[in-house]
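Please read the points below beside the sequence and the coordinates. They are set out as a colleague's notes, one topic to each point.

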Amino acid sequence: MAIIKADNLEIEKRLIELERLVIEGGGGIHSDLVIHNHEGNLSIETKEPMVRGKEIIRLSREVLSPEDQYILHVKDDLFDVDFPEYSTMSSLQKKIIECMVGLYNSTNKITQQKNGTLLLSIMPYPELIKKLRLGRTFFNKAVKWLDYIQQKDSKQTFNDEEFESFLIDTFVRTRHLGYSDYIRESSVSLIMPIIDFMNHHWAGAGFNIGKGTRKGDLAVACSQPIKGSLECYAFYGIMDSFDTLIRYDFVDEFAPVVRSIPIELDVPNVGTIKVNSLTGAINKKKLTKQISDLDRYLPTMRIDKEKHLLTISHLMIPVKEGSFMALRRVLHVVLANLTHENVKLDKKIRDAWIKEAEEKVLKANIDYYNDLKAYTDKLIKTKGEVSILRCISDLATLQLKKIDLYSKVKKTL
């Protein structure tokens with residue numbers, strides 16, 4: 001049994017019940033695991049330091065809750081859940097999702113969502129929204145909600161079913177993990193009991209799906225990357241500090257990368273490389289041994305041979321020791337995909353283009369974050385010390401510091 005440390009009796013009871021249900025469904029929790037609650041914030045710790053890689057949570061397929069098998073509602077700042085007639089969830093799964101919804105209500109997640117989500121917080125600043133959109137290729141639902149909030153003039157106008165959908169979508173997207181079910185043909189997003197409470201860190205533990213003797217299990221191991229802390233972190237995905245703000249409403253200062261803003265890179269007499277800034281894009285192709293260590297940096301790519309156009313999902317500026325060559329190596333791979341068999345570039349020309357492209361990427365990002373910081377600082381002077389404005393100003397400063405670090409190191413490469 002895990003150790004429960006909660007400053008609220010109702011939350012403590014729900015956590016005890018949740019663990020009981022997970023174990024009933026064939027899951028397992030390390031006995032030294034500590035489920036910690038403080039003022040509505042849940043986290044996972046261990047009783048004492050634990051070796052990295054030791055399994056701490058295992059969830060069977062029977063305790064996972066696919067999002068297409070239940071329906072969430074919001075009323076009076078509380079979640080409610082219904083199960084449609086077509087739902088194939090077991091009684092145990094229904095009890096677990098009801099317990100999770102109860103925890104979300106006990107920890108005031110809807111109120112936190114209204115007060116803390118990026119999309120609502122930036123609503124009074126339409127020009128700032130435009131600037132943020134210049135720096136990222138937002139995922140489809142975020143674009144939909146950005147368009148939605150820009151049509152509103154105050155939070156008081158949010159009193160319709162569309163706003164309920166907004167609250168559910170923007171909250172639920174912070175909980176889900178894409179899960180490749182070995183029985184269902186397509187992947188499905190789901191809420192993960194207990195694992196749901198783990199915070200993100202670049203050096204956090206990945207989600208091990210389907211590994212072990214029992215098919216369909218989802219397991220997570222111990223990773224305590226912050227010195228002096230017993231908190232266990234999960235790795236949600238490849239994100240920089242801006243990405244985590246967009247997707248999870250917090251700035252991950254530890255992210256050892258800066259995702260480039262959208263930019264176009266011309267290759268004279270060859271074509272154009274269009275760089276998007278998509279979060280969540282992962283290159284799933286099997287990599288050769290020479291570039292296997294670039295798995296967290298390589299973008300997805302799409303070639304239009306007629307237009308001589310290569311569109312890539314993103315570029316990352318690395319700021320972690322041992323990874324500083326990653327950007328140049330990725331640019332080399334990208335250039336090779338544009339030229340492919342049609343054009344053979346001389347090595348000197350290729351190397352010169354890579355360095356020029358690197359400089360263009362750095363300059364574009366430095367200019368963008370300088371402009372973003374100057375604009376938010378100006379808003380702070382006129383509007384006052386608003387938390388979201390300070391957050392974005394500090395984000396710009398953080399990104400600039402990371403790019404400056406890379407700029408200094410690249411001179412020695």
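This is a predicted model: local features need pLDDT of at least 70, side-chain atom pairs count only at pLDDT 80 or more; totals for chains, interfaces and linings use all residues.

1. Lysine 355 has its place in helix α10, where helices are DSSP runs of H or I with at least four residues, strands are runs of E with at least two, and both are numbered from the N terminus. Lysine 355 is partly exposed, with a relative accessible area of 48%; on this scale buried means under 20%, exposed over 50% and partly exposed in between, with a 1.4 Å probe and protein chains only.

2. Residues are numbered from 1 along each chain as its sequence is written, and side-chain values use heavy atoms, with hydrogens and water left out.

3. Which residues have the most contacts inside the largest nonpolar core? They are Ile57, Ile122, Phe197, Leu265 and Ile273, in a core of 120 residues, a nonpolar core being a set of buried Ala, Val, Leu, Ile, Met, Phe, Trp, Tyr and Cys residues joined through side-chain atoms within 4.5 Å. Helix α10 (residues 347-383) gives the most to this core, with ten residues.

4. Leucine 265 belongs to the covered face of strand β16 (residues 263-267), together with Ile263 and Val267, while Glu264 and Asp266 form the uncovered face. Leaving aside residues up to four places away in sequence, leucine 265 touches Gly271, Thr272, Ile273, Val275, Leu315, Leu331, Trp353, Ala357, Lys360 and Val361, with contact meaning heavy atoms within 4.5 Å.

5. β16 pairs with strand β17 (residues 271-275) in the antiparallel sense over five bridges, where pairing requires that DSSP finds at least two bridges between the strands. Leucine 265 stands opposite isoleucine 273, and isoleucine 263 stands opposite valine 275. The hairpin of these two strands has three residues between them, and asparagine 269 takes a positive phi near 65° there.

6. Strand β17 also pairs with β19 (residues 309-312), here in the parallel sense and over four bridges, with isoleucine 273 opposite leucine 310. Four of the five residues of β17 are buried, and the strand is mostly covered.

7. Why is helix α8 (residues 241-248) described as largely enclosed by the rest of the structure? The reason is that seven of its eight residues are buried, namely Ser241, Phe242, Asp243, Thr244, Leu245, Ile246 and Tyr248. The elements that cover these buried residues include α4 (118-121), α5 (126-135), β11 (199-205), β15 (257-259), α10 and α11 (387-410).

8. Two further backbone angles may be checked by eye. Aspartate 249, in the loop between α8 and β15, has a positive phi of about 65° although it is not a glycine. Isoleucine 194, in the loop between β10 (188-191) and β11, likewise has a positive phi, near 70°, and it counts as buried at 1% relative accessibility.

9. The second largest pocket holds about 530 Å³ of space and is lined by 25 residues, of which Met301, Leu310, Asn337, Leu338 and His340 lie nearest its centre. β18 (301-304) and α9 (326-339) are the elements that give two or more residues to the lining, and α9 gives the most, with five. On a 1 Å grid over the protein atoms alone, a pocket is an open set of points where a 1.4 Å probe fits, with protein on both sides within 12 Å along at least five of seven lines, and lining residues have an atom within 4 Å of a point. Grid points are joined across faces, edges and corners, and the volume is the space filled by probe spheres set on the points.

10. By class, the lining of this pocket has twelve nonpolar, eight polar and five charged residues. Here Ala, Val, Leu, Ile, Met, Phe, Trp, Tyr, Cys and Pro count as nonpolar, Asp, Glu, Lys and Arg as charged, and the others, Gly among them, as polar.

11. An open sheet of four strands runs in the order β2-β5-β13-β12, with antiparallel pairing; its edge strands, β2 (28-29) and β12 (207-209), each pair on one side only. β12 pairs with β13 (residues 218-221) over three bridges, and alanine 219 in β13 is the bridge partner of asparagine 208.
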